Amino acid sequence: MTAAPQAARRRERAAAPAPQVPTSPRRKRPMRARLREDYPLLLMCLPVVILLAVFMYAPMLGNVIAWMDYSPYVGILGSDFVGWWNFQRVVADPRFWHAVQNTLIITGFQLVFFFPVPIAMAILLNSVLTKRVRTAIQSIVYLPHFFSWVIVVSIFQQILGGAGLVNQFLRSRGLEAVEIMTNPDTFLLLITSQQVWKDAGWGMIVFLAALSTVDRSQYEAAAVDGAGAWRRIWHVTLPALRPVIILLLILRLGDALTVGFEQLILQRDAVGAGAAEVLDTFVYYSGIVYGDWSYAAAAGLIKGTVSLILVLGANKIAHVFGEAGVYQR
Amino acid sequence: MNPHQRPRIARRSFLTLAAGSAASVPLLAACGSGPGGPDAGPSGGGAVDVDSVIPDYIPRDIVTPDFPSVDGSTPGYLSFPDEFVASVDEVPGRGSSFTAMTPLWSTVPPGLPDNSYMVTVNEEINADFRFQITDGNAYGEKLQAVLAAESSVPDFVTIPSWTLPPRFGQAAENLFADLTPYLAGDKITAYPNLANISSEAWRCCVFDGKLYGLPYPSDLINSVIFYRHDLTTDLGIEVAPTNAQEFLDLALDLTDPGANRWAMNDMWAGAQLMFGVPDKWLLEGGNLVHRVESEAYRQALEFQAELFAAGVVHPDAVAGNEQQARQRFISGEVVLTPDGAGGWLSATREAYAGNPGYNQQPVPAFAGDGGTPVIYKGTPSNLFTFIKRTDDTERLEEQLALANYFAAPFGTKEQMLLEYGAEGVHHERDEANVPTLTETGLREVARTYTWITRPPIVASQVQYPSYVEDFATWMAGVMEYAVDPVFYTQQIVEPPEFGALEQPFIDLEMDIARGRADISQLDGAIENWRSAGGEQLREFYAEYLDEQ
């Protein structure tokens, strides 16, 4: 779908009701008419709008503390405005940049090594013909998604930790214990494999849904034309998945600066801040633990702004390549 | 230019703008009372003589201890009195309800209405106490969030001295009741059990020249390295190191990963104890030296790294799991652990039911270099409880009367009820009047009411063989090494911008211990600390020093 025909269609739609509108109160009538027509839809939206307003937009006003020397004990009204001072401190803080660097490294690594896993799994599972086997596998790989990170990290610790099953076994054979949970050098691998274990099955759902819409006859036709399994994946399966992949990729980019807060804070002490300090833990420590709320708010705002730019940029690029993206203009 | 000068101008102009609105009234009030602000400096605390705001000390002699206090050590009782006396004449509560936020370092007991201990005590004191119990290890973080919204602040808030949040001066002034008018000097006579608490403990509760907290009298020696005497006896290993090297050798002897046994938990507190690292400041030739700058700190860190490198630290402790530290010690997965002196009793109590042979003992005091040990005294009130500010004088007096009840000393009916619950339900007494917690008692009785305040600390738990004698004689013995830290019993509220100054060291301590950073990185960190505000902090404290 390209942008041009869409725009044309929108023009058509905008123009369509015009002839029906009587001339005199030009603006009011269509509004009222449209309200009468659409009020059930608007009513249905209302709960979500209220939800967003109360839990998202209203708290956002609190961001004003980023420009203050805020103390919770005197409140927003009693705290002093300090202009851009907090932002200057954040930008000048090497610990902040260190956290940014760690965040980007983790995001980049997971984009390459985590993001394709659910796609591959979905394709693989889609080719399993027995329905019962497929449902069984699906249930098994979905399950870990419903464990909290505390449990996931504990399970890993119990199995791979210094006093865990693997190392107990190694020691009982007189072998050297392996350091998996406390090694900052392999921390990236550790957290990515935890994520794969926990969420890859869940991430598969969307792709499976997209695959179920593919017309089976396309595969048959391709097979008749002599296409092998790989070529069928390349020419039939992947094109069917492409809009979903791009959509999720853009959303992932928007989250690029958010990497598993719980997962990391639980393991921060095990590998140290050097490997595990990311933007979210940085904000948590400076804000909640050390009580520098304004500073943390400024760091959080910087993060939010960059994320917004990333989403808008990625969406733009998607449009350029003729994809639908997250939203259409 | 100091960026903190700008805000003040901004605040003035903001005030003039807001002066017309009703919202500005509390604002102006907050500004008007001078000493509250952290900028107030020493004059805030110094303008008022601390001794004039603390209560008079009127000791009560209920029972004479078998092991009297030596230089402030904790006294011990080898028997329970034949008759428990009543120390409070009338029921303290008037039927009001109170919420209280308290820590706990052991299993959280069931809450109301399923906790018959709390039901009984609430009835007895005629007040409906609801406790919000939080894991002590995560207490500081929860506290920050609770204090940040006034509406979420409970009627009583217990705050450990080591998790006092930044800007606490403001918090005290805006959130908590000033108790000076109710308790200072001879006002205390209305609360005889509170008057029985030492002046040192009360002095710790004075913030910015006003009495805000209720003290929690604590052991003066609070940092100890414990070992499992029963296990080392079985192994035939004697625990009496006289320097750091011998301690390391001992640890190597004790470690046997094949048997799922390591020598120790994270020994950071222990290493600081061996090398005499001060809590905050050290006075060298009249100058203040911060702990991170001290030679002792460096030595302790180096030794800590040696311990980790030697593989004698339990892998879960290496992975930073502190929540399970006591559990590892009780189960025997580690043989040595640092803990507070109070940990002796709470760990024993937890372990004894399942293992009557359980016996933990303190490693005899020694210095890392083999010389004379230096042990800095712990704060005489290790925690405080603050009462939420209220205009209701009657309610406040009710709260203080309840605190007076909670401070009932050893040998009283009130203390028995608070410590052991009801006879026949939560505890049974033998012919010598010694209480033993029943199963219900073990499940339901946990420190709750007596976080709010408690009587002067004594060792009286004769249920655990030789505990009282061991504890009291050990502490009396180590008092000869006890040293007052600089600013002992003095509460100094630091300006908030210094709040995160020590943060890099917390990470560095863990990194150096685990070999992720080299000890040479300490120099850079100290340099950063000095330029990022450490020198200002030193000047800030030096002013208090001049006053002494």
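**Ground rules.** I number residues from 1 along each chain as its sequence is written, and letter chains from A and number ligands from 1 in the order in which they are written. Since this is a predicted model, local features need pLDDT of at least 70, side-chain atom pairs count only at pLDDT 80 or more, and totals for chains, interfaces and linings use all residues, while side-chain values use heavy atoms, with hydrogens and water left out.

**Chain A.** I looked up the secondary structure and got 16 helices and 2 strands. (Helices are DSSP runs of H or I with at least four residues, strands are runs of E with at least two, and both are numbered from the N terminus.) Chain A has a radius of gyration of 26 Å, well over the 20 Å that the globule rule gives for 329 residues, so chain A is more spread out than a compact globule. (The radius is taken over C-alpha atoms, and the rule is 2.2 Å times the number of residues to the power 0.38.) The C-alpha trace of chain A spans about 90 × 75 × 35 Å along its principal axes.

**Chain B.** Here I found 24 helices and 17 strands. The radius of gyration is 24 Å, which agrees with the value near 24 Å for a compact globule of 548 residues. Along the principal axes, the C-alpha trace of chain B covers about 80 × 60 × 40 Å.

**Where the chains touch.** About 3,300 Å² is buried between them, and carbon and sulfur atoms give 56% of that. (Buried area is the accessible area, with a 1.4 Å probe, that two parts lose on being put together, summed over both.)

I then checked polar contacts and noted 12 residue pairs across the interface, both residues at pLDDT 80 or more.

**Salt bridges.** I count a side-chain nitrogen of Lys or Arg within 4 Å of a carboxyl oxygen of Asp or Glu. A:R268 pairs with B:D507, with the closest N and O atoms 3.2 Å apart. B:R167 meets A:D69 at 3.3 Å, N to O. B:R167 sits in the loop between β3 (156-160) and α7 of chain B and A:D69 in strand β1 (residues 68-69) of chain A, so this pair joins two chains.

Most residues other than glycine have a negative phi, and most peptide bonds are trans. B:L112 and B:P113 are joined by a cis peptide bond, with omega about 0°. B:P113 is in the loop between β1 (97-104) and α5 (116-125) of chain B. B:N260 has a positive phi, near 60°, and lies in the loop between α12 (244-254) and β8 (262-264) of chain B.

Terms used:
Polar contact = N/O pair within 3.5 Å; in protein donor to acceptor, adjacent residues only side chain to side chain.
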